[in-house]
Amino acid sequence: MGPTVDLVADLGEGFGAYSMGDDAALLEVVSSANIACGFHAGDPDIMNATVAECVRRGVSIGAHPSFPDLRGFGRRAMDLTADEVRNDVLYQVGALSAFAAYHGTGVAHIAPHGRLGNLVATRADYADAVADAASRINPDLIVLAQDGALADAAAGRHLPVAIVGIADRAYEADGTLVPRSRPGAVIHDPAAIVDRTIRMVCEGLIQTIAGTDLPIVADTILLHGDTPGAVHLARQVRAELENSGVKIAPLAQVLAAKVKAA
């Protein structure tokens, strides 16, 4: 039997009359969704509609909390205390949880967005704040993270942790993402993205920007939906994974399969 992996995309990232990406098409491909909670994108109507569509299609729901940076799409650093980060996460997950409850389901995972998502991999205070919020909300809430401080903080609180692989972003030798401000940070070649995804899932390796191989355990693959050709690429990634004997399943099933295999 081949490996099992989750496919996740960031969804619900429009605001008011503005839309971002083709959520309907991506929902045909993914098994989980990171849903914007209003701080970097999303509003009550979009959150409700996105949750409802996830429920209709059987896609697992995750919260995608951010810095309160609507204008900058959550991609700018902000001078927040760890307590502010914790409270902002509680606020956002609480909002999404209300919509999930209304539609008869719950929030299965949490995945910090943008600059917050980058910082929790390296800043222990922010990582502890997010892990603390998650553990108090639901001790079974899956924390989706890169290898680093947040994954460690969540594991220390006995929260389930799922490691995310990002095939269209370049990695440093230490496993962190190359900043978007640097050349080569984002990979645009579809063939290279597909190849990197297959290697991550089937071989447990990804090539760094320096050309060396980095061991990686990818429980879920992040599919970006806000770039030209993104939906076609997402479909190609899923098809090639399945052709390689990989089973696609929501995060909870992926982690359960890992436990059973161990």
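Biologist: What makes up the lining of the second largest pocket, by class?

Modeller: In this predicted model, that lining has 11 nonpolar, 4 polar and 4 charged residues. Ala and Pro count as nonpolar and Lys as charged, so Pro 3, Ala 257 and Lys 258, which are among the residues nearest the centre of this pocket, can be sorted by that rule.

Biologist: And Gly 2, which also lies nearest the centre there: what class does Gly fall into?

Modeller: Gly is counted as polar.

Biologist: How do you know which residues line the second largest pocket?

Modeller: A lining residue has an atom within 4 Å of a point of the pocket. The second largest pocket has 19 lining residues, including Thr 4.

Biologist: What is the volume of the largest pocket, and which residues are closest to its centre?

Modeller: Its volume is about 760 Å³. Of its 38 lining residues, Gly 114, Asn 118, Gln 146, Arg 169 and Leu 177 are the closest to the centre. Two or more lining residues come from each of helix H1 (23–26), helix H4 (114–119), strand S5 (142–145) and strand S9 (220–223).

Biologist: Why is H1 called a helix?

Modeller: A helix needs at least four residues, and H1 covers 23–26, so H1 qualifies.

Biologist: Which element gives the largest share of that lining?

Modeller: H4 does, with 5 residues. By class, the lining of the largest pocket holds 18 nonpolar, 12 polar and 8 charged residues.

Notes: Residues are numbered from 1 along each chain as its sequence is written. This is a predicted model: local features need pLDDT of at least 70, side-chain atom pairs count only at pLDDT 80 or more; totals for chains, interfaces and linings use all residues. Side-chain values use heavy atoms; hydrogens and water are left out. On a 1 Å grid over the protein atoms alone, a cavity is a set of points where a 1.4 Å probe fits but cannot get out, and a pocket is an open set with protein on both sides within 12 Å along at least five of seven lines; lining residues have an atom within 4 Å of a point. Grid points are joined across faces, edges and corners, and a volume is the space filled by probe spheres set on the points.
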